[in-house]
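Here is a short report on a single chain fold. Look at the structure first, then read on.

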Amino acid sequence: METKDHLTNYYEGYDEERRLTSKHRMVEYVTTMKYVEKYLRPNMRVLEIGAATGRYSHAFARQGYRVRGFISPPRMVTQIICGKPLSSHT
């Protein structure tokens with residue numbers, strides 16, 4: 001099995017959005033945002049590699065940054081394009 005297949009299989013059964021919104025994991029999200037924002041300047045571009053659900057990408061886009069996210073698993077691409085957690089699509 002190729003590496004991309006392992007990644008796809010992993011993310012197909014994993015709820016990344018729930019992971020980042022659970023009460024105890026919000027610390028990870030808030031801390032990451034704080035440290036990344038420290039280096040950003042107005043009108044900068046942001047490239048998020050491994051964007052998963054696009055939670056960070058959407059946050060930076062709402063702040064006015066030009067954002068591109070890269071993700072492999074098709075399930076996550078749908079989630080990023082729609083801008084909603086996958087559970088909202090069912």
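Ser57 is buried, because its relative accessible area is 8%. Buried means under 20% relative accessible area, exposed means over 50%, and partly exposed is in between (1.4 Å probe, protein chains only). Ser57 sits in helix H4, residues 55-62. Helices here are DSSP runs of H or I with at least four residues, numbered from the N terminus.

Leaving aside residues up to four places away in sequence, Ser57 touches Glu48, Ala51, Val67 and Gly69. Contact means heavy atoms within 4.5 Å.

## Basis of the model

This is a predicted model: local features need pLDDT of at least 70, side-chain atom pairs count only at pLDDT 80 or more, and totals for chains, interfaces and linings use all residues. Residues are numbered from 1 along each chain as its sequence is written, and side-chain values use heavy atoms, with hydrogens and water left out.

## The nonpolar core

A nonpolar core is a set of buried Ala, Val, Leu, Ile, Met, Phe, Trp, Tyr and Cys residues joined through side-chain atoms within 4.5 Å. The largest one has 10 residues: Leu20, Tyr29, Met33, Leu40, Val46, Tyr56, Ala59, Phe60, Tyr65 and Val67. Helix H3 (26-37) and H4 each supply at least two residues of this core. H4 gives the largest share, 3 residues.

Val46 has contacts with Leu40, Phe60, Tyr65, Arg66, Val67 and Arg68, not counting residues up to four places away in sequence.

## Aromatic pairs

Rings of Phe, Tyr and Trp (its six-membered ring) pair if their centres lie within 6.5 Å; planes under 30 degrees apart count as stacked, over 60 as edge-to-face and the rest as tilted. The count comes to 2 aromatic pairs. The rings of Tyr29 and Tyr56 have centres 5.1 Å apart and planes at 35 degrees, so this pair is tilted. Tyr29 lies in helix H3 and Tyr56 in helix H4, so the pair ties together parts that are 27 residues apart in sequence. Both Tyr29 and Tyr56 are buried.

The rings of Phe60 and Tyr65 have centres 6.2 Å apart and planes at 80 degrees, so this pair is edge-to-face. Phe60 is buried at 4% relative accessibility. Tyr65 is buried at 14%.

## Charges over rings

A charge sits over a ring if NZ of Lys or CZ of Arg is within 6 Å of the ring centre and within 35 degrees of the ring normal. Arg55 lies over the face of Tyr29, at 4.5 Å from the ring centre. Lys34 lies over the face of Tyr35, at 5.6 Å from the ring centre.
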